[in-house]
Structures are given as structure tokens and as C-alpha cells.
Amino acid sequence: GYDRPTSPVTKELAARSVVFRQAIAQYPLTTPSHASILTSRYVRSHGATGNAVPIHEAAKLLSEVLKEHGYTTAAFVTSPLVGTKYGFDRGFEYFVDKNGGTFFKASLADWVGQLRLPRIYWRFRGSDRATASVLRWLDHGPGKPFFLWVHQIAPHAPYAPPFAYER
């Protein structure tokens with residue numbers, strides 16, 4: 001609705017993209033929602049019923065299926081909620097977790113407080129490092145069909161541009 005052109009690059013990208021006007025998540029939390037995406041199962045079926053709750057061993061991930069069919073599989077994640085500790089590394093030949101894969105169960109007040117941290121905090125959540133790692137991995141070329149999953153936590157926070165672009 002805003003009439004000034006404040007995001008021309010995003011508008012250009014949207015013009016040549018597939019836009020989903022109604023997207024529905026299986027669950028409003030990171031761990032269960034991503035487990036549903038990667039298993040193609042409902043939350044009750046894959047077992048990750050909340051944040052920091054692991055995926056059942058019996059629930060097969062897309063990465064496992066694709067690896068069995070000859071794909072190179074790689075994941076670069078910056079949220080500990082989709083880390084090794086909760087089973088998201090299964091089926092990936094390369095799994096790079098930029099935040100260590102651990103998460104403490106915090107109260108809602110603690111989580112909201114985290115969102116209010118200075119912008120500088122969010123610059124160092126691993127997004128830049130993860131992106132650089134992804135690009136290095138792609139430069140080396142997997143050499144066969146590949147499945148690449150990149151998960152960035154940065155969109156959860158107010159946008160903080162790289163220092164070079166900040167005014």
C-alpha cells in the first residue's frame with residue numbers, strides 16, 4: 001500500500017518469482033514446522049511436538065531419501081532449533097551448524113527480551129558466515145544432483161544491514 005518505491009529490488013524479484021499468497025505452516029514453532037517440511041508428516045507423526053523436541057528416529061527426512069537416491073546433501077543452519085541435537089542432520093553429508101546446535105528452553109519473557117537486543121547482536125547470529133560457507137560449498141560444485149538446505153535465523157529480528165551499508 002505504500003506509494004514510495006522503498007524496495008525496488010524486492011519488487012523486481014517478486015515480479016519474476018512464484019508468489020504463494022496463502023502459505024500454511026503445520027505448527028507455529030520452528031522445530032515442529034521444519035520437521036514437517038523435511039518429513040512431509042504432521043507434527044504428531046514425526047514427534048517434534050515443540051521447540052527443542054527431537055524428530056523421531058523412525059521419521060525419515062527428505063535428505064535421507066535423496067541421499068539414498070544418489071544426491072549430494074548439504075545443510076547450513078543458523079538456528080539451534082534445527083540443529084544436530086534435534087535430528088535435523090540426518091541424511092546430510094555436509095551439515096554446518098553455525099550456532100552449535102544447542103538451545104535452552106526459555107520463558108516467553110526471555111525470548112521477547114532476546115528480540116529486543118541491540119541490532120549488533122543479530123549481525124553475529126551466523127547468517128553472514130553461513131552464507132559465505134554456502135557460497136564456498138557451491139563454488140566447489142557437488143558434481144552430481146544435490147539437495148541444499150539453507151536456514152537463516154536472521155529474518156526473526158529487525159533488519160540490520162551490513163555495517164558497510166548502514167547510514
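What share of the 167 residues in the chain is buried? Buried residues come to 35%, where buried means under 20% relative accessible area, exposed means over 50%, and partly exposed covers what lies in between (1.4 Å probe, protein chains only). The model is a predicted one, so local features need pLDDT of at least 70 and side-chain atom pairs count only at pLDDT 80 or more, while totals for chains, interfaces and linings use all residues. Residue numbers start from 1 along each chain as its sequence is written, and side-chain values rest on heavy atoms, with hydrogens and water left out.

As for the overall layout, the chain has seven helices and three strands. Helices (H or I, at least four residues) and strands (E, at least two) are DSSP runs, numbered from the N terminus. Read from that end, the order is α-α-α-α-β-β-α-α-α-β. Taking contact as heavy atoms within 4.5 Å, residues 24 or more positions apart make up 52% of the contacts with a separation of 6 or more. The accessible surface of the chain is about 11100 Å², with 58% of that belonging to carbon and sulfur atoms; accessible areas come from the Shrake-Rupley method with a 1.4 Å probe, and for residues only the protein chains shown count as cover.

On to the interior. A nonpolar core is a set of buried Ala, Val, Leu, Ile, Met, Phe, Trp, Tyr and Cys residues joined through side-chain atoms within 4.5 Å. The largest one holds 18 residues, and the members touching the most others are Leu 38, Ile 55, Phe 88, Phe 92, Phe 95, Phe 147 and Trp 149. Helix H2 (30-39), E1 and strand E3 (146-151) each put in at least two residues of this core.

Rings of Phe, Tyr and Trp (its six-membered ring) pair if their centres lie within 6.5 Å; planes under 30 degrees apart count as stacked, over 60 as edge-to-face and the rest as tilted. The structure has seven such pairs. One of them joins Phe 92 and Phe 95 in a tilted arrangement, 5.9 Å centre to centre with 50° between the planes, and both residues are buried. Ring pairs also tie Phe 88, Phe 92, Phe 95, Phe 147 and Trp 149 into a cluster.

Leu 66 and Phe 147 sit 81 residues apart in sequence but 7.4 Å apart in space, C-alpha to C-alpha. Leaving out residues up to four places away in sequence, Leu 66 touches Tyr 71, Thr 73 and Phe 147. Leu 66 counts as buried because its relative accessible area is 17%.

Finally, the charged pairs. A salt bridge is a side-chain nitrogen of Lys or Arg within 4 Å of a carboxyl oxygen of Asp or Glu, and the whole structure has three. Arg 90 and Glu 64 meet at 3.7 Å, N to O. This pair links distant parts of the chain, with Arg 90 in the loop between strand E1 (72-77) and strand E2 (94-97) and Glu 64 in helix H4 (residues 62-68), 26 residues apart. Both partners are buried. Lys 60 bridges to Glu 68 at 2.8 Å between the closest N and O atoms; Lys 60 is partly exposed at 40% relative accessibility, and Glu 68 is exposed at 53%. For Arg 16 and Glu 12 the closest N and O atoms are 3.8 Å apart, with Arg 16 exposed at 62% and Glu 12 partly exposed at 49%.
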